[in-house]
Structure formats: C-alpha cells, structure tokens
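The sequence and structure come first.

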Amino acid sequence: MDAQDYLAACLPRVEQALDAALPRADAPPARLHAAMRHLIFPGGKRLRPALALAAAEAVGGDASAALPAAVAVELVHVYSLVHDDLPCMDDDVERRGRPTVHIAFDESTAVLAGDALLTAAFEALVSGAGPADAAARVLAVRDLARAAGAAGLVGGQVDDLASAGGGAAEIESVHARKTAALIAAAISAGARLAGASETQIAALHAAGVAAGIAFQITDDLLDADEDEGTSLVRAIGEAAARERAQALLDHALAQIAGLGARAEPLRALLRFVVSRKL
Ligand code: GRG
C-alpha cells in the first residue's frame, strides 16, 4: 500500500465533504465565506482527513462513516494555519503557495474566517452526512475540543511562543500539543465514528500522538534553516532528531500491531509522516 495512492484515493470524497460543510462563496456575507474557502481550496496534503478514513478502515469500519471527522479535523487544522499566519503570530505572507488569508483579504477578516472555520468544524462533526450515531459523535466532539483547546493546539502554541528553546522533553511536550493532538484526534475520531471499541481508540490515539510528534520533527528536518519556534533538530542535531522520529514511528506502529491487515493503509500513512519530502 502506497501512502500517496491512498491520499489520492481519499481526495474526491474529502473535497466534496469539505465543500458541503462550508457556506457558498457567493452567499452573504460573501467576503467572509470567500475568506473561509481561500486556504481550503486547493488544499495541502489532506493528511489528517486520510488518517481519519484509514483509521475507520483499520477497525473494520466503513471509511464513509469517518468523513465528518475527516472534515472537522481539516477545518480545525486550516483555522490554526490562518491564525498562525497573522501578524500577531508568525506574520507570514504565503501559505500553500498562495497569499495568506490576511494578505488576500485583511486582518480582521482573517481572524473572523478562522473563528468561523473552527466553529464549522464542530457543526460538521455533529451533522455531516454518514451513518455514525449520535453518541459516537458527541464523544468525538469532546475529543476534538480537547485536542484543539488549552490542553492541545492552543496551549501548545502559547508555550511555543513563550519558549526560549528548552530541552528535548520540553520541546516534545510542545509538539505533542501543538501538532500531535490534532493528528491523534483525526485517527481516534475517525475510528470512533466507524464504531471502534474504547480499547481500539486508546491504541490508535497513542499511535497518533507518537506519529504526530514524529510529523513535527520531520517538518523541522525538512525546514532546518527556519529559526522560529521550538525545534528538536536545533536542540539535539539532525542525526539524533532523525533517529528520534524513527523511534516514535516504530512506537506508533507497535501500538496498532494488533489491528491486522486492514490497518495497512493507516500504517502506510504513518510511515509517510516520517518519509515525506513535502
Ligand atoms: C493559532 C491556535 C493556533 C495554533 C497554531 C498549528 C499551528 C498552531 C500553527 C501552524 C504552523 C505549524 C508549524 C504547525 C505545526 C503543524 C504543521 C507542521 C502543520 C502543517 O501541516 P501540513 O504539512 O500542512 O499537513 P498542509 O498544508 O499539507 O495541510
């Protein structure tokens, strides 16, 4: 199973579901709706949505049941990119090869578009089409809220902004919250909507956290000349960081060893997290 093929195979369903979850660009307030869509289409790798679908298949479920989770996590991811690019944060002018939302529109529109993407995520998780039952959706909302909030993405970002470097453990704690929490939520919410047991969800979540930290280390390896934010590459050097990413991947794969052949697409995506060149 090739990760790139799996990502490509997921794409039509994911794009269609993302489009259905967002207000039309020409409906009023059109400027807000266009700003919400600006960074969504065309997208990036759509790794998190594919992880959600692969996790559903890994527990013997139907990938389409996981679509609301796939959409919700991508919407939270894109909101975080829109806000991270703002002048008060990273102050970036380009993202996904295009002008960032505050450059293409303006700063207040970018703040509000991010807010609207974040809230649209939870609406999509609850009401997106698919067979998942209400109880599973409520627990997925809880898990995604936890991953996105003070204990996850936002708290990780706060500590990253305040960080003066720190040791490896401190850096991995930032990665675990800022990057890995959302990757783990994609996997566990996708599996949950497809009817996974709590034991399966716990194993998948642990795999997601380890792979998510490896994702961030790989990102820093790909971007080694960046000098902003916490970086394990800067703290322990390139070779040791590469080894640490591989060890985390091995740990992630060990967590899901019991899931058998139907977890092969998920395993391929987790390997891609470390082997990717983009
Ligand atoms: C502003 C609340 C708030 C949080 C910001 C996620 C984040 C925290 C900042 C975005 C920039 C960044 C370095 C994020 C870490 C995770 C990461 C490397 C995201 C990029 O993910 P990819 O490579 O992007 O999956 P695409 O464009 O392919 O979806």
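Helices (H or I, at least four residues) and strands (E, at least two) are DSSP runs, numbered from the N terminus. The model is predicted, so local features need pLDDT of at least 70, side-chain atom pairs count only at pLDDT 80 or more, and totals for chains, interfaces and linings use all residues. Residues are numbered from 1 along each chain as its sequence is written, and side-chain values use heavy atoms, with hydrogens and water left out.

**Cis peptide bonds**

Pro29 is placed in the loop between helix H1 (3-21) and helix H2 (30-38). The peptide bond that leads from Pro28 to Pro29 is cis, with omega near -5°. A cis peptide bond also runs from Phe41 to Pro42, with omega near -10°. Pro42 sits in the loop between H2 and H3.

**Positive phi**

The loop between H2 and H3 also holds Arg46.

| Residue | Phi | Location |
|---|---|---|
| Arg96 | about 50° | loop between strand S1 (94-95) and strand S2 (98-99) |

**Packing of H3 and H9**

Two packed helices are described by the angle between their axes and the distance between the axes. Axes are lines fitted to C-alpha atoms, for helices over the stretch in contact, and angles run from 0 to 180 degrees between N-to-C directions. The axes of helix H3 (residues 47-58) and helix H9 (residues 168-193) come within 7 Å, crossing at roughly 35°. The crossing of H3 and H9 is right-handed, a term for a near helix turned clockwise from the far one by less than a right angle.

Contact (heavy atoms within 4.5 Å) involves Arg48, Leu51, Ala52, Ala55 and Ala56 on H3, and Leu182, Ile183, Ala186, Ile187, Gly190 and Ala191 on H9. By class, the contact of H3 with H9 has nine nonpolar residues, one polar and one charged. In this scheme Ala, Val, Leu, Ile, Met, Phe, Trp, Tyr, Cys and Pro count as nonpolar, Asp, Glu, Lys and Arg as charged, and the others, Gly among them, as polar.

**Cysteines**

The structure holds zero disulfides, a disulfide being a pair of cysteine sulfur atoms within 2.5 Å. Cys10 is buried at 2% relative accessibility, whereas Cys88 is exposed, with a relative accessible area of 59%.

Definitions and conventions: Buried means under 20% relative accessible area, exposed over 50%, partly exposed in between (1.4 Å probe, protein chains only).
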